[in-house]
Amino acid sequence: MSLIAWPTTSANSYYSNADADIYFTDRLNSTDWTGATEVVQDAALVTMTTMIDREVYQGAKEVSTQPLQFPRS
């Protein structure tokens, strides 16, 4: 499965690979990210999104048909 970053109707990740690259630019101990292939990075982002979306949150999805738990209202 390829990475599809939010905000699209079929998103499976909250962040794009480019957004994650920016995030990790100024972080300590980011060599696991910067040293990984794009395929591994994409898998990490999809896994992170899955882990976040498994939690139980208050409120409701902003749009009932959105694929991810956020944004919420």
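## Val63 and its setting

Val63 is partly exposed, with a relative accessible area of 43%, where partly exposed covers the range between buried, under 20% relative accessible area, and exposed, over 50%, as judged with a 1.4 Å probe on protein chains only. This residue belongs to the segment after α3 (38–53), the helices being DSSP runs of H or I with at least four residues, numbered from the N terminus. Between Val63 and Ser73 the C-alpha to C-alpha separation is 8.7 Å, while in sequence they are 10 residues apart.

## Basis of the model

This is a predicted model, in which local features need pLDDT of at least 70 and side-chain atom pairs count only at pLDDT 80 or more, whereas totals for chains, interfaces and linings use all residues. Residues are numbered from 1 along each chain as its sequence is written, and side-chain values rest on heavy atoms, with hydrogens and water left out.

## Aromatic pairs

Rings of Phe, Tyr and Trp (for Trp, its six-membered ring) are paired if their centres lie within 6.5 Å, and planes under 30 degrees apart count as stacked, over 60 as edge-to-face and the rest as tilted. By this rule there are 4 aromatic pairs. One of them joins Tyr14 and Phe70 edge-to-face, at 6.2 Å centre to centre and with 65 degrees between the planes. This pair links distant parts of the chain, since Tyr14 is in the segment before α1 (17–25) and Phe70 in the segment after α3, 56 residues apart. Tyr14 is buried at a relative accessible area of 15%, whereas Phe70, at 32%, is partly exposed.

Phe24 and Trp33 form a stacked pair, with 5.1 Å centre to centre and 20 degrees between the planes. Here Phe24 is partly exposed, with a relative accessible area of 24%, and Trp33 is buried, with 9%. Ring pairs also link Tyr14, Tyr57 and Phe70 into a cluster.

## Gln66 and its polar contacts

Gln66 is found in the segment after α3 and is buried, with a relative accessible area of 13%. Its side chain reaches the backbone oxygen of Phe70 at 3.4 Å, and a polar atom of the Gln66 side chain lies 2.7 Å from the backbone oxygen of Pro71. A polar contact is a pair of N or O atoms within 3.5 Å; within protein, one must be able to donate a hydrogen and the other to accept it, and residues adjacent in sequence count only if both atoms are side-chain atoms.

Methods
Helices (H or I, at least four residues) and strands (E, at least two) are DSSP runs, numbered from the N terminus.
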